[in-house]
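I kept each entry to what I could look up directly.

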Amino acid sequence: MAQNNRSRIARFILRQGSASKPEIAFALKLSMPTVLQCVKDLMDAGILEEAGECESTGGRKAKALSVVPDIRYGAGIDITANHVSFVLIDLVGNVLHHRRNRLAYEHSPAYYRSVRDHLDSFLREIQADQSKLLGTGISLPGIIDRSANLLVRSHILNVENISLQVLSQYFDQEPFYENDASAAAMAELRHDSRNAVYLSLSNTVGGAIYFGQALYPGDHFRSAEFGHMVLVPGGQACYCGKKGCVDAYCSAKVLARRGGGSLEGFFEKLEARDPEAMAVWDQYVDRLAVTVSNLRMSFDCDIILGGYVGGFLKPYLGELGQRVLEYNRFDRDSSYIQVCRYAREASAVGAALTFAEQYLDTV
Ligand SMILES: [Zn+2]
């Protein structure tokens, strides 16, 4: 019971950023003596620290408590078709270090060994304190069935029914596996009490549904495959084999291919009001607006735009919001459309975060 209370308190403070003892007692419905004892235990263990004073409307100011971020670390790996990204995060989810290597995926022992070797060299290079490392999370662009320990299917990696054991055997400790969009959504939303839909606009389009402070997986781990909702019947070919999918119109590739192969290149052209870039953008925003509007009609909650494109969207939210409102007359404004906090590393961060969550269960 005491451990349960300590975990609840540590999680609450992590979610809030900081909190005072009276705030903790009130929010978690715990007695002050229980809070005092648990906080003392957590401070003795080096998990909590005092972080200034709370705002007060009068009387003695209460001390604010916060979680010591670097007491433990998590490593995250994001595997894509042509790259592997690595992050080291602290307990709060701050990215302390990151690295991206070009490494084309292939289902072979040499590839999996290479991923492990790259992780080792990354951790050596940043001189990570291995004794503080909780574990490694791995994000994969495909459908994962954790109960069967299986990568069920990945169009992007062009594989089916791969046992995750073939990758796990290269790690001393069993990694945690997560779908790339689900991992990114966890990175963005883990401390949120609101419901939200995460739309990932990377080289493929995916997403996640965050409901009741957890991801909704679906009956077959295929929820939120927003990229394969049909937007234009008989339209452009999608890599999944169908025509007219959201992916064919809203993936990062649609813009990057008009920016000399990079999104940065595209948005530079758009800023310079290049006519071709503006025409491409006009169609992109329109397709994205229909998609966002449909998601809003389906889920009636905040929509977070993430993935590679999400990192560039902030200056264009007003324009997108206007278009969405034209398709959706149920809302007076578009403040429910928001952009992601993490630009590129979200999937690796989300995969690594699981270990932070598990660690708090043990405090
Ligand atoms: Zn498709």
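**Entry 1: helix 3.** I kept in mind throughout that this is a predicted model. I began by asking what the buried residues of helix 3 pack against, and I found helix 1 (2–16), helix 2 (21–28), strand 1 (48–53) and strand 2 (63–67). The buried residues themselves are V35, C38, V39 and L42. Looking down the axis of helix 3, I noted that these buried residues fall within an arc of 100°, so they line one face of the helix. On the other side of helix 3 I listed P33, K40 and D44 as exposed. I then checked the length: helix 3 runs over residues 32–44, which is 13 residues, and it reaches 18 Å from its first C-alpha to its last, close to the 18 Å expected at 1.5 Å a residue. Just after helix 3, I noted G46 with a positive phi of about 80°.

**Entry 2: helix 6 and helix 13.** How do the axes of helix 6 and helix 13 cross, and at roughly what angle? I looked up helix 6 (residues 180–189) and helix 13 (residues 346–360), and their axes come within 7 Å and cross at roughly 75°. Angles of 65 to 115 degrees count as roughly perpendicular, and the two helices are therefore roughly perpendicular to each other. On the helix 6 side, the contact is made by D180, A183, A184, A185, M186, A187 and E188, while helix 13 brings A346, S347, V349, G350, A351 and L353. Sorted by class, this contact of helix 6 with helix 13 has 9 nonpolar, 2 polar and 2 charged residues.

**Entry 3: positive phi in loops.** I next looked at N158, which has a positive phi of about 60° although it is not a glycine. I placed N158 in the loop between strand 8 (150–154) and strand 9 (159–163). Is N158 buried or partly exposed? With 13 other C-beta atoms within 10 Å, N158 is partly exposed. F221 also has a positive phi of about 60° and is not a glycine, and I found it in the loop between strand 13 (214–215) and helix 7 (246–250). F221 has 19 other C-beta atoms within 10 Å and is partly exposed; a residue is buried if 20 or more lie within that distance.

**Entry 4: P69.** P69 counts as partly exposed, with 17 C-beta neighbours inside 10 Å. Leaving out residues up to four places away in sequence, I listed D90, L91, V92 and N94 as the residues that P69 touches. I also looked up the separation between the C-alpha atoms of P69 and V232, which are 163 residues apart along the chain, and noted 47 Å.

Terms used
Residues numbered from 1 in each chain as written. Predicted model: local features only at pLDDT ≥ 70, side-chain atom pairs only at ≥ 80, totals over all residues. Helix = DSSP H or I, 4+ residues; strand = E, 2+ residues; numbered from the N terminus. Expected span 1.5 Å × (residues − 1). Buried ≥ 20, exposed ≤ 12 C-beta atoms within 10 Å, placed from the backbone. Arc of directions from axis to C-beta. Contact = placed C-beta atoms within 7 Å. Axes fitted to C-alpha atoms, helices over the stretch in contact; angles between N-to-C directions. Parallel < 35°, antiparallel > 145°, perpendicular 65-115°, else oblique. Nonpolar A, V, L, I, M, F, W, Y, C, P; charged D, E, K, R; others polar.
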